[in-house]
Every structure is written in C-alpha cells, then in structure tokens.
Amino acid sequence: MPFAGIDMGIQNVKVVILDDDGKILARSISPSGFEPAKAAEQTFREALSNAGIRRDDIKHVTATGAGLDMALEADSTISMVAADAKAGVYLLPSARTVIDVGAEESRIVVCDERGNVLDFTLNERCAAGSGAFLEAMARALEVRIEEMGELSLKAKGTASISATCVIFGETDVVSLIHRQEPKHEIARAIYDALAERIISMVHRVGLKPSVILVGGVAKDIGFTAALRRKLEAEIFVPNYPEYAGALGAALHALAKAGGNIQ
Amino acid sequence: MIEGSQQYWRWREYHLVFPEKRPKQSSIITAGVDIGSVSSKAVIMVNGEIYSISIMRTGSSSPDSAKKVMEWALKDTELKLSDIHYIVGTGYGRVNVPMAHNTLTEIACHAKGANYIWGPTVRTILDVGGQDIKAIKCDEKGKVLSFLMNDKCAAGTGRGMEVLADLLKIPIEEMGAVSLNVDEEPEPVSCTCVAFARTEAMWLLRRGWTKEKVLAAYMRAMAIRMCNLLQRVGCESELAVTGGQSKNVGIISRVESLLGMKTLPMPEWEKDGRDPMAAGAIGAALFAKALHEKAKK
C-alpha cells in the first residue's frame, strides 16, 4: 500500500507518494495561495491521479511545512528539519549535510547515515537568507527571477552587495545600477551574497560531507553556481529538489506504518 | 501634491540659521558633516555653539550629499566654505566627505553630541539611525566607554520605518502618534523582518486589525529589540535617544515603559539647533573645534 507526504510550504504545497518499497510513484505541486487548505486538497488529488490510485489506497499520510496547521487530515506530522534529513539520505546515501533553501526559510541539517538529525540551524523570520531575498533583488534589478540565474553566469564577479538584510540589499542594488554596473554582474553579486549567507549558516553547524542541496532555490542555476564557487565541498543537487520536504514526510509515513524499507 | 502619489516615507528636510551666534573677527568656526545612509546632516559652530544646521536626504553619492548639505548649511550665513577653520566628517559615508580635514566614527560623535545637547548627566545613548541601532555608554565628558550595535537588519531603523510608512500609507512623522492610538497594547509581531512585513501586515489587516493596531504591534517589537541592546550594554540613567527615531513617540514611549526608565526630553531644537537627529554632526563640529585648537598650539 502507498504512503503520502505533504509539505505545506509558504509558497507551494508539495505532495509525494511512495510505494511499499520506497519508490516514488507520483509528485505534485501547486501554489499555496490564499487558501492553503484548498491548495493542499487539490495537490493531493492530483498526486493520487498521477499515481493512478484512490485516497483509500493510501495507508498513511504525514504532513510537514510552515503551514502545517492548514494541511488536510494527516495521520502524523514531522518537523521540516527531520524531513530534510530523511530526504537527504534517501536521495544521496552518503549525505551528512542537508542544505535546504526555501522561499522564506533556510535550514542546514547535519544527520547520520540513517537520516537521524544530529544538529541543525535555521534562518527564520528574516528574508535575507532565503528565496525571498532573490525575489526582492530581482525586482530591484528589474529582471525576471527565472532569467536572473542564466544572466549571472555571464559575469566575472566585479561587483558585490551585502545579504544581511533585504531592505539594505535593495539599496545596494540600486546604487550599483546608478554606478552603471552591468546587470549580469549585479545578478552574480546577488547570488554570491545569498551563498555567503548560507555558508555562514553551514559553518555554524560545521560541514560534514557529503553535501546535498534541496529546496526550491536549489533549482536556480545562479544560486547553485554561486554556492559551488564559495563552498569548499562538492554539492549534490538532486532532480526535483523542491520536493525534499514532502519526500521526507512520505518516508516518515512509510517508516511509521511499516513498509519494506526503513 | 497629487492624491494617490503621496510619499508617506518623506520626512522634513530643513535648514536653520541662528543669527545671534553670527561669527566675529576672532571667532573659531568649525563644522561637522554626518553622512548617514538615509539622512545627511551639517552643523556649523561658532566658538562651539550652533550657528547653522541643515538636514537632508542622502543621495546616491556620498560626496555629492556632503557638498549639498554643507552648501545648504552655509546658505544665509555670510560664510564661505573657506571661512571654516576645521571640518570633521562622520557617519556611514564619512570617508566620502571631500571638504573634511579629518574623520571620526559616528559613535564618538553621537556621544559627544548627546553630551552637548543634554549635558554631562547623559550616561547611555540609544542611537537609532537609518540602517542600524546602537547603544552607547559614555562618561560625563561624552567620551565613549563601550557600545553595541545590532546586526545589519532594517527592523526598527529609519529605513525600516520608511518602508512601513509606505506600506501602511501613514506619513512617517505621524506614525509614532498613530501607533499610540490603540485601546490596548497588542502583542508584538513575532516576525519583525521588514521584507516580510509587506505580506504579514497585509495579512493582519485582512484579519480585521486596524492600521493603528498593526503599527503598535510592530513598534512594540522594535522597542523590544532596542531594549535588548540597551540591557546588553548595561543601560544607566540618564538615557538619551539620538538619530531620526528620537522624534518617534511610538518608539520612545514603548522603550520607556519596557525599561521602566524615562528618556531625556526632546530639547527645543527649533530655537537653538540642538536636534538629537543631528547629534553626530554636532559632535563632529565640537571635535573639529578641539582639533583646530590643538593644531594651533
């Protein structure tokens, strides 16, 4: 019987369905919007239909994410930190450091080979260390966030800004524009700033190889390039990194309700 | 002003000259120029007393801002830049004050300035500037003994207040009074991040909170941050507040009630130029006098 994990993210709701063996049967994602509960219902239905199963077929549902209380009826819940650790080791068995950069929050989780959390640090309640920083800076730079990554790859690294606060970062970007710094150089400075902020979090807990990068921001090539430039370790980026939380939750459901793998 | 395009963040820029302090032949004329991230201040002193003061918004270039604010301070004074014996630059953009003979940190200048504004009883200074919050301890001469400053975060700073003013569509100079217009003080917001306030404040308003209540919750959270900093540095009476937020009654009254301690009253700065927002420039002009006298010896 299948198991489901649902991640009530601030920006998107994500659902992952696993079979008894821990194989991924389906994924689904949709914006959380103004009614996250409705979005969750909708995303869950989509995932069921992608997997070609009915709601009754699901043995156990685990929920995680910032909007946990808005989730549809789940059998259990799991913290985002624990979900990251489980997903990290599932996706890369040698992973001991999971870097999760989300829309409004970032986490660094250090775990053991079984996906148990050993240590972690969070960036919460501050926009500077998350996707929100990139979005605000893209607005200030007047480029589409989807295009900023590609743009940044053309740069040599002649400019820099500070990522300690979104509000001041915007001022930095505007003054770079006034100084006629090319847009691609500013774009790179933006990614470098976020990468530096994330790396300072990594240093807080201490880096243990291997390193896996997950969360929605892991899909941004500008950010992964910056992190690879600045972190003194190899970084593995899985396919579908934005589903790590939902995957971790589904793995918890599987472990909780019994499956063929631990 | 066209309705709908009001710039709520805009605060009053001004220039005041006090003709009774007009220099004589033998007067020592000095100036302090404080280039902050949000506002630029210039003070011209005659024998260590404020003769002219100007406060304006900092532009995108520090040297230009320094020139403009200094030119404004010279206006209607019968003085030329070359008449000033010594100029000290301070603030975030202090290395870019082209006419300065010397530069000093804004921490030293704020302590010196607070000592001038309120007298030798000042022991602790809460300086809330455009981009940071500082807690400074000083002795009876205005000499810095220790200080702490927050990590670079806009919450509670002048820049953060400007963003909130625009967001809630309340003129920045009225925000303090508006925030006190609540029946009961709400719980502070749990997230003070100004970037997130754009969505969080909207969410609170949609839940039926009044603008006054939203603002009160933000101001309370920011006052708590300031008090934490003050307590870490060891807040001793008497406490002075400098920087732009010294004029924010919403912040000041909350800091006072949280600390259980009064802050020094706002001086009648329109009569003599002792504006706590210009404490850095005032301190710089005083240091300029001391440096000029030392150089002459």
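This is a predicted model: local features need pLDDT of at least 70, side-chain atom pairs count only at pLDDT 80 or more; totals for chains, interfaces and linings use all residues.
Domain 1 of chain B comprises 14-114 + 270-296 and domain 2 comprises 123-263, with bounds that come from an automatic or database domain assignment. Their C-alpha centres lie 27 Å apart, and the contact (heavy atoms within 4.5 Å) takes 16 residues from domain 1 of chain B and 19 residues from domain 2 of chain B.

Three salt bridges are counted between domain 1 of chain B and domain 2 of chain B, a salt bridge being a side-chain nitrogen of Lys or Arg within 4 Å of a carboxyl oxygen of Asp or Glu. A salt bridge is formed by B:Lys247 with B:Asp275, whose closest N and O atoms are 2.7 Å apart. Of the side of domain 1 of chain B that touches domain 2 of chain B, the largest share, seven residues, comes from helix α2 (residues 106-118) of chain B, helices being DSSP runs (H or I, at least four residues) numbered from the N terminus.

Residues are numbered from 1 along each chain as its sequence is written, and chains are lettered from A and ligands numbered from 1 in the order in which they are written. Local features need pLDDT of at least 70 and side-chain atom pairs count only at pLDDT 80 or more, whereas totals for chains, interfaces and linings use all residues, and side-chain values use heavy atoms, with hydrogens and water left out.

Note on methods. Helices (H or I, at least four residues) and strands (E, at least two) are DSSP runs, numbered from the N terminus.
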